[in-house]
Amino acid sequence: PKATRSYPGYATALFRTGDRKGALAALATMAQLQPSPKEVAQGRALLKRMNDPFRTFPEALKADLDNALQFLDAHDAPQPALDILQEILRKFPQLSVAHALAGLAWQRLEEPAQAIEAFQRAAVHAPEDPYPYLYLGELFSARGRRDRARTAFAAALTRDPLSSQALRRDG
């Protein structure tokens, strides 16, 4: 079971040095190995943490962001979500995710200028994140601004070349 930990790195090293056949063989061998129950539990815990978009935030901030998301998604109530997000942004003005969520709230409130501004702030604070650009692209596309939508989707692709959302939408 401990050998399963070394195979992904070994396969990656083989692939990067041009030995694709060896890399595939290493991955095939890894698939045949059986992880221990402890390794399975660790893998599940890691996957759960990876799926939590707010995993690095303090608990109080996570709760506020979760509440804002609940208002946006479950309750379709953008104004209470926006109120929470604006309070978060007073405390954490560089928090990209809060700017992006505020942009979504502004968009649902049919305030495109504020939405664009919020998405642009999100992009400034997290320049490697493709999502603010995806959101901008969707907003521009919905408003018939195809040229600006393509530019936004292209910017998303430069940040994540495998983004299926941007690939589908980029001209």
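I began with confidence: the protein chain has a mean pLDDT (the predictor's confidence in each residue, from 0 to 100) of 84, with 80% of its residues at 70 or more. This is a predicted model, so local features need pLDDT of at least 70 and side-chain atom pairs 80 or more, while totals for chains, interfaces and linings use all residues. Residues are numbered from 1 along each chain as its sequence is written, and side-chain values use heavy atoms, without hydrogens and water.

I compared helices (DSSP runs of H or I, at least four residues, numbered from the N terminus). Confidence is lowest in H10 (residues 164–169), at a mean of 64, and highest in H7 (residues 112–125), at 97.

I checked Leu85 for contacts (heavy atoms within 4.5 Å). Beyond four places in sequence, Leu85 meets Leu65, Ala68, Ala98, Leu101 and Ala102.

Last, H7 and H8. Their axes (lines fitted to C-alpha atoms over the stretch in contact, with angles from 0 to 180 degrees between N-to-C directions) come within 8 Å and cross at roughly 160 degrees. H7 is therefore roughly antiparallel to H8 (the term covers angles over 145 degrees). Residues meeting there include Phe119 and Ala123 in H7, and Tyr133 and Leu136 in H8.

Notes. Helix = DSSP H or I, 4+ residues; strand = E, 2+ residues; numbered from the N terminus. Parallel < 35°, antiparallel > 145°, perpendicular 65-115°, else oblique.
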